[in-house]
Amino acid sequence: MQTLNSVDPASATGKTKQIFDALQKNLGAVPNLMRVLANSPAALNAYVSFSGALGEGKLSAKTREQLAIAVANANSCDYCLSAHNALGKLAGLATDDLALAQNAEAADRKTAAALRFAVEVVRKRGLLPPSEVETLRTAGFSDGEVAEIIAAVALNIFTNYFNHIAGTEIDFPVVHSRSIQ
């Protein structure tokens with residue numbers, strides 16, 4: 001059950017209206033997460049700004065979506081898992097890639113290393129030994145890319161927890177989280 005109200009895009013004003021208009025143009029809709037976040041224009045703007053900044057980084061859109069899927073699954077957030085499966089398809093990920101990401105796996109070893117690292121960050125609340133970073137370097141990630149992976153995990157933890165508390169109604173084809181080995 002949704003515990004926080006949704007903001008109707010037709011009644012949005014100011015920065016919230018600008019964000020909603022951009023989402024409508026880019027996605028063809030204003031996702032429920034954004035409508036609920038809009039109860040606080042500051043929270044909505046923070047999410048959009050953080051996400052936009054990561055979109056200008058070195059990690060590809062595909063990798064960012066795979067990270068979001070792995071983190072959503074680790075946090076049992078069906079809203080984010082559903083949303084990022086849909087967004088992952090838009091970014092060009094195949095159905096097999098989406099399923100693998102949910103298990104913190106990928107067809108290529110570099111992305112697989114990032115996904116495993118991300119899930120370990122979630123499981124261990126960021127308290128990882130230096131060897132975990134070295135594993136990413138060995139897989140081919142620069143320190144800047146490691147920073148972006150950590151930032152992507154943090155951004156997705158925010159939306160996962162927000163959706164748990166808000167009970168955001170899923171407005172994408174539903175994908176359920178599952179435990180991974």
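Helix α4 (residues 61-74) packs against helix α6 (residues 95-102) at an angle of about 45°, with the axes 7 Å apart; α4 is therefore oblique to α6. The model is predicted: local features need pLDDT of at least 70 and side-chain atom pairs count only at pLDDT 80 or more, while totals for chains, interfaces and linings use all residues. Residues are numbered from 1 along each chain as its sequence is written, and side-chain values use heavy atoms, with hydrogens and water left out.

**α4 and α6**
- The contact (heavy atoms within 4.5 Å) involves Gln 66, Ile 69, Ala 70 and Asn 73 of α4, and Asp 97, Leu 98, Ala 101 and Gln 102 of α6.
- By class, this contact of α4 with α6 comprises 4 nonpolar, 3 polar and 1 charged residues.

**α4 and α9**
- The axes of α4 and helix α9 (residues 143-166) cross at roughly 50° and come within 9 Å.
- On the α4 side, Leu 67, Ala 68, Val 71 and Ala 72 meet Ile 149, Ala 152, Val 153, Asn 156, Ile 157 and Asn 160 of α9.
- The contact of α4 with α9 has 8 nonpolar, 2 polar and no charged residues.

- Leaving aside neighbours within four places in sequence, Leu 67 is in contact with Leu 59, Ala 114, Leu 115, Ala 118, Ile 149 and Ala 152.

Definitions and conventions:
Axes are lines fitted to C-alpha atoms, for helices over the stretch in contact, and angles run from 0 to 180 degrees between N-to-C directions. Helices (H or I, at least four residues) and strands (E, at least two) are DSSP runs, numbered from the N terminus. Angles under 35 degrees count as roughly parallel, over 145 as roughly antiparallel, 65 to 115 as roughly perpendicular and the rest as oblique. Ala, Val, Leu, Ile, Met, Phe, Trp, Tyr, Cys and Pro count as nonpolar, Asp, Glu, Lys and Arg as charged, and the others, Gly among them, as polar.
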